Number of protein chains: 2
Amino acid sequence: MQVNILAGGPRQQYPENLFNQKAGWIGVDRGALILIKNHIRPQLAVGDFDSMTVQELVEVKKNCSEIIQVNPVKDDTDTELALASAFEQLHADEVHLYGATGGRLDHLLSNIFMLLKPKFNQYVEQVKIIDRQNCIYFFNAGQHCINVLPDYKYLSFVSLGKVENLTLPDEKYQLHNQSDQLPVAYVSNEFLKSTASFSFSSGTVAVIYSHDAN
Amino acid sequence: MQVNILAGGPRQQYPENLFNQKAGWIGVDRGALILIKNHIRPQLAVGDFDSMTVQELVEVKKNCSEIIQVNPVKDDTDTELALASAFEQLHADEVHLYGATGGRLDHLLSNIFMLLKPKFNQYVEQVKIIDRQNCIYFFNAGQHCINVLPDYKYLSFVSLGKVENLTLPDEKYQLHNQSDQLPVAYVSNEFLKSTASFSFSSGTVAVIYSHDAN
């Protein structure tokens, strides 16, 4: 089952037709309210809801199947709690995370780096972060093959920390057994055919499909 | 001397009054054209200028003191070349990088992670990435003290790769000798007084001042 999560990032970054999807939804804080305003009843709303008015919170409580209202002083971010709930409570096999980009860059980096934490890293290949210009897939060590996505020209490989023997054998710009101790972004690569393969022997890599602004 | 760089990210992310600054400017690709349209004559324009019309390129050539036109197939990004030029050619002692966020996330991550490369890491504490909601400072190991910036509520510490003994002794949420092997974002911290101190014994940390959208 696919579960979509809407975090609190700015609406300008939403992909088109975001709310037409049939999957179940989790709303993170104001994301829950935005789902409701777009005629979606979230399966779950997670957040401290600090920035909502009383009326808005009533609206959320009335229109969500379940609410997890957390203390604002906590170690996990609201989005981390939503992601954990998607896998552990709703038994998602794929999670699409929207509203996770744009706006505050600390939130954006947290939304990417949370996938390196042991409790999420096991699910990393089941999570995609999607916005108007980007689709991020995540991979752990191994041999992988990905498909062209229509409308995305660029393909970038970003090692999130130590990555060994990254090999891009059939992309426009090749790489062979590249090992890095620190994060590196290999950007603006491209597919040469309908698929691209790549491999690495340790670490986690983000693969970013992107296109220029319309 | 302060040098400002304008990269090609979307204009919605520009801070207000961006073009009122007195510092010298480098334009990265279309950034050069945008500077010219805002009545600034860049000291340097860097890029492959592939996406410009002939007329636009003529405009850039007429209005920049110097142009570095690079082959589109290259190992360094245009922004990396601009940053190297700021330090090596213009002898900047501080660089403010604008237009480096929003839009393509591969570009954004590249703009952050480039500062880990040995040739830039020596300058890391002299570089700030600034947009409408965020101001990112970078630090290498040591003992540091930073000041409150008006209008920025949140203070986040992001270890960019392996960081040892990160200690936040006088912030709202404290941390003591935290060591991480992989990137981690410690978000939504806050100043308790007009300064905040922190220290770590190895690695590079991004400190992100941010505020919610207006």
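Is His91(B) buried or exposed?

Reply: In this predicted model, His91(B) counts as exposed, because its relative accessibility is 57% and the exposed class begins over 50%. The residue lies in chain B, in the loop that runs between α3 (78-88) and β5 (94-98). As background, most residues other than glycine have a negative phi.

α3(B) is mostly covered, with 9 of its 11 residues buried. Those buried residues are Asp78(B), Thr79(B), Glu80(B), Ala82(B), Leu83(B), Ala84(B), Ser85(B), Ala86(B) and Phe87(B).

Asn17(A) belongs to the loop between β1 (2-6) and β2 (24-28) of chain A, and at 57% relative accessibility it counts as exposed.

The relation between the chains comes next. Chain B is superposed on chain A by a rotation of 180 degrees with 0.0 Å of shift along its axis, and the RMSD is 0.0 Å. The two copies are thus related as by a two-fold rotation axis. Within chain B, the C-alpha nearest that axis belongs to Gly161(B), at 2.6 Å from it. Both copies use the same surface, in that 100% of the contact residues of chain B recur in chain A.

Finally, the cysteines can be considered. A search of the whole structure finds 0 disulfides over all chains; in general terms, a disulfide is a covalent bond between the sulfur atoms of two cysteines. For Cys145(A), the closest cysteine sulfur is that of Cys135(A), and the separation of 16 Å is too far for a bond, because a disulfide requires the sulfur atoms to be within 2.5 Å. Cys145(A) counts as exposed, at 53% relative accessibility, whereas Cys64(A) counts as buried, at 5%.

Notes:
Residues are numbered from 1 along each chain as its sequence is written. Chains are lettered from A and ligands numbered from 1 in the order in which they are written. This is a predicted model: local features need pLDDT of at least 70, side-chain atom pairs count only at pLDDT 80 or more; totals for chains, interfaces and linings use all residues. Side-chain values use heavy atoms; hydrogens and water are left out. Copies are superposed by least squares on the C-alpha atoms of residues with pLDDT of at least 70 in both. Contact means heavy atoms within 4.5 Å. Buried means under 20% relative accessible area, exposed over 50%, partly exposed in between (1.4 Å probe, protein chains only). Helices (H or I, at least four residues) and strands (E, at least two) are DSSP runs, numbered from the N terminus.
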